[in-house]
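Dear colleague,

I am handing over the structure below for your records.

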Amino acid sequence: MTVLFDGIASGMLLFLISVGLSVTLGLMNFVNLAHGSFAMVGGYVCVTLLNKAGVPFLACLPLAALATALVGVALERTLYRRLYTATHLDQVLFSLALVFMSMSAMQYFFGAQQQPLNLPDFLKGQINLPGLDMGIYRLFLIAVSLLIAFGLQSMVSGTRFGAQLRASVDNPRTARGVGINVERIFTLTFALGSALAGLGGAMGVEMLGLDPGFPVKYIVYFLIVVAVGGSGSITGSLVASLILGVVDVAGKYYVPQVGSFVIYAVMVVMLVFRPQGLFGRMAAR
Amino acid sequence: MSIVSIDLAPLQRADRWRVAEWAFWLLPVLGYFVFPDNLVLLTQIAITALFCLSLDLILGYAGIVSLGHAAFFGLGAYTAGLLASHGWGEPLSGLAVAALASGVLGFITSLLVLRGADLTRLMVTLGVAMMLFELANKLTFITGGVDGLQGIEMKPIFGTFGFDMVGKTAYWYSMVVLFLMFWAARKLVHSPFGLSIKGIRLNVARMPALGAPVNARLAAIYTIGAAYAGVAGALMAQTTQFVALDVLSFNRSAELLLILVLGGSGSLYGAMLGTIVFMAAHHVLSDMNPEYWQFWLGAMLMLIVLFARDGVMGGLRTAAARLVPRKLAAP
C-alpha cells in the first residue's frame, strides 16, 4: 500500500510538471524540450527564497510559479514566437540550445551541488495507518495537483479563454478572423505552461532533488507523460502520470534490477500502436 | 509517340570528385604532421565525424528526425568492446560485427520509427536509446555498468600495425575507415537510390507516384545510417580500449544533432565541417572554462537555428556563390 501511495504521489508530481508541457506541446504544438529548464528555474527560485530570504514555504510556491511565468513570457515574446511555424526539428534544436544554456547558467550561479530544501514543520512527518505510511508532504502534493487538474480542465473546457485557446490552436487564421488576439492567447498560454512547470519544479525539489542536470535528467519522463497521455489532454496527462508514477516506483521497489527499462518499453509499444496517445486527438498539423 | 528524355548529365557530374574535395581529404595527412601531439583529439574528431555522417544520412538526406541516434553508436561500441574483451581482438572483423549488430537493430527499429510522424519519431527513437541505456546500466555483469567496459585488448590491424601509446595507428586506422565510409556514402547519395531518398524528403506524396516504395527506401537508409553509427562506436571502443556508459546517453544524441546542424544537414561535407568546428570549439572553450562551455554551445546553436539555418556549409555556399557567380557549389 505504501508503495502504491508513493507511486501516486510521484505520479502527481510528474503530472504537475508535465501538464505545463502538455499545454505548450499539445495545445500549441511546440516541441519544447526546455520544459525541464522552466521547472528548474522554479525550483531554484523556491530554494533561494526559502533558504536565503526566509520566505515561508507556502508563499515560495506561488512566487516560484510567478517568476517562471515571467521568464516564460520574456522568452516567448523574444524567441519562441519566431519558431511557432518552424519545423519540429528546428523547435527541438532551439529548445535543446536553451537547455544547454540554462544548465550552464544555473551551474554558474548556484554551483553543481544538490540544493537543500528545508520543509516547514507542518509538512514533515508521516501519518501511519495500519499497512500504510503516508508522508504529509506527499498528501499535500496530491491535494495541490488534484486542485490544479480540476482547475485546468474546467478552464480549458469551460471558460471563454479556454474556448479562444482551442480556437487559436485549431485554426489560427479563422480565430484571427473572428477577432481573437491569437498572439496574446499564445503568450498567456505559454505563461501558464511555464508557471505550472515552475510550480511543479518548486514542489519537486523535495522528491526529485535539484541540480543543474535537472532538465536533462527528467525531460524524458515529462515527454513520456505527454506522449502516452495524448498531447493536449489534461485527463490524459493525469492518467498517464499516475500510471507512470506507480509503475516507476513499484518497479524500482520490487524489481530494482530492471530499473526504468519497463517504462521506456511501455512508451515505445504505446506509441507504435496508438501514436495519438491514450486520450489524444490527432495533431492539428 | 515521343520518348521522354531526361538530361542526366548534371546528376552524373555531381558524382565526380572536385578539386576542393581532394584538398579537404589532404587535411588528415596535414593534421598528422602539424599536430603530432594531438593525435588522440584528431582521432576523436574522425570518429565523431563518422557518427555525424550517419545521422546526416537519415536526418539530412531522408528527413527522419531522431533524438536517439546514440543507441546505434553505443551498441556498436559495446559489440566491438565485448568482442575484444572476450578474446576476439581482431579490429576489422570487430568493426564488421558491430556494423551488423547496429544495422540489425536499425532495421528492427525502423519498422517502429516509420509508423509515426515527427513527434512520434522523436519519442520512439528517444525511447529505444533510453531502453538500451538502461539495459547497459543494469546488466553490469556484461557491460560493467556505470564503471564502463574494461579489459579491451586489440590485436594489430592486418596482424602488423599494433595500437601504440601515442595513438598513431589509431589515428590512421580511424581516418582510413572514415574516408572509405565517406566515399561509400558519397556514392550512395548520388546513386538513384540516394536521389529517391532526397525525393522522399522533399515530397513524400509524389514519390510513390514515381514508383519509389517510400517505406522500404526509408527503412533501408535508416538501417544503413544505424550501421554507420555502429562502426563509429566500434572505432571509439577499439581506439580508446574503453566503453563508458555515456556512449548511449541522451546527451550524446543531442550533441550530435547540434553538430550536424552546425555544419549544415543534408550535405556530407556539412557533417565533416560541423564536427571539426564543434570539436575544436569544444577543445578551446573547455580549456578556457570547462564548466560553462555548454552555455556558449547553446548560444551558438540558437543563433544558427534562428539566423543561419544551413550552418557552416550554407555559409560557405553563399560565399562561394558570391565569389564565383556563375555556378553554385553543391556537392
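pLDDT is the predictor's confidence in each residue, on a scale from 0 to 100. Please keep this in mind, as the model is a predicted one. For chain B the mean pLDDT is 84, and 95% of the residues in that chain reach 70 or more. Residues 326-331 of chain B are a stretch where pLDDT stays under 50, and the model has 10 contacts for them beyond four places in sequence. The scores of the model are ipTM 0.76 and pTM 0.84.

**The two chains**

Chain A contains 11 helices and two strands. Along the sequence, its elements follow the order α-α-α-α-β-β-α-α-α-α-α-α-α. The globule rule gives 19 Å for 285 residues, and the radius of gyration of chain A is 19 Å, close to that value, so chain A is as compact as a globular protein of that length. Its C-alpha atoms fill a box of roughly 60 × 45 × 35 Å along the principal axes. Of the 285 residues of chain A, 49% count as buried. When contacts in chain A between residues at least 6 apart in sequence are considered, 78% of them join residues at least 24 apart.

Chain B has 15 helices and zero strands. Its radius of gyration is 20 Å, which agrees with the value near 20 Å that a compact globule of 331 residues would have. The C-alpha trace of chain B spans about 70 × 45 × 45 Å along its principal axes. Buried residues make up 46% of the 331 residues in this chain. Among the contacts in chain B with a separation of 6 or more, 77% are accounted for by residues 24 or more positions apart.

**Where the chains meet**

In the model, 36 residues of chain B are in contact with 35 residues of chain A. On the side of chain B that touches chain A, helix H7 (118-138), helix H12 (250-263) and helix H14 (293-307) of chain B each supply at least two residues. The largest share of that side, 15 residues, comes from H7(B). Sorted by class, the side of chain B that touches chain A has 24 nonpolar, seven polar and five charged residues.

**The nonpolar core**

The largest nonpolar core has 188 residues, of which A:Leu96, B:Leu50, B:Leu53 and B:Val231 touch the most other members. Helix H4 (residues 39-61) of chain B gives the most to this core, with 15 residues. Which residues does A:Leu96 contact, leaving aside its neighbours within four places in sequence? They are A:Leu33 in chain A, and B:Ala254, B:Leu257, B:Leu258 and B:Leu301 in chain B.

Helix H2 (residues 35-53) of chain A has 19 residues, which should span 27 Å at 1.5 Å a residue; its end C-alpha atoms are 26 Å apart, which agrees. Since 15 of the 19 residues of H2(A) are buried, this helix is largely enclosed by the rest of the structure. H2(A) is followed by A:Gly54, which has a positive phi, near 70°.

Helix H5 (residues 136-158) of chain A has 23 residues and reaches 32 Å from its first C-alpha to its last, close to the 33 Å expected at 1.5 Å a residue. The buried residues of H5(A) are A:Tyr137, A:Arg138, A:Leu141, A:Ser145, A:Ile148 and A:Leu152. These buried residues pack against helix H1 (2-27), strand E2 (132-135), helix H8 (182-208) and helix H10 (234-254) of chain A.

A:Leu152, in helix H5 of chain A, has 20 other C-beta atoms within 10 Å and is therefore buried. Not counting residues up to four places away in sequence, A:Leu152 touches A:Val19 and A:Ile234. A:Leu152 and A:Thr235 are 83 residues apart in sequence, and their C-alpha atoms are 9.8 Å apart in space.

**A residue of chain B with positive phi**

Most residues other than glycine have a negative phi. B:Gln241 has a positive phi, near 55°, and is a residue other than glycine. B:Gln241 lies in the loop between helix H11 (214-240) and H12 of chain B. Is B:Gln241 buried or partly exposed? With 18 other C-beta atoms within 10 Å, B:Gln241 is partly exposed.

Yours sincerely

Key. Residues numbered from 1 in each chain as written. Chains lettered and ligands numbered in written order. Predicted model: local features only at pLDDT ≥ 70, side-chain atom pairs only at ≥ 80, totals over all residues. Contact = placed C-beta atoms within 7 Å. Helix = DSSP H or I, 4+ residues; strand = E, 2+ residues; numbered from the N terminus. Nonpolar A, V, L, I, M, F, W, Y, C, P; charged D, E, K, R; others polar. Rg over C-alpha atoms; globule rule 2.2 N^0.38 Å. Buried ≥ 20, exposed ≤ 12 C-beta atoms within 10 Å, placed from the backbone. Expected span 1.5 Å × (residues − 1). Core = buried A, V, L, I, M, F, W, Y, C linked by C-beta atoms within 7 Å.
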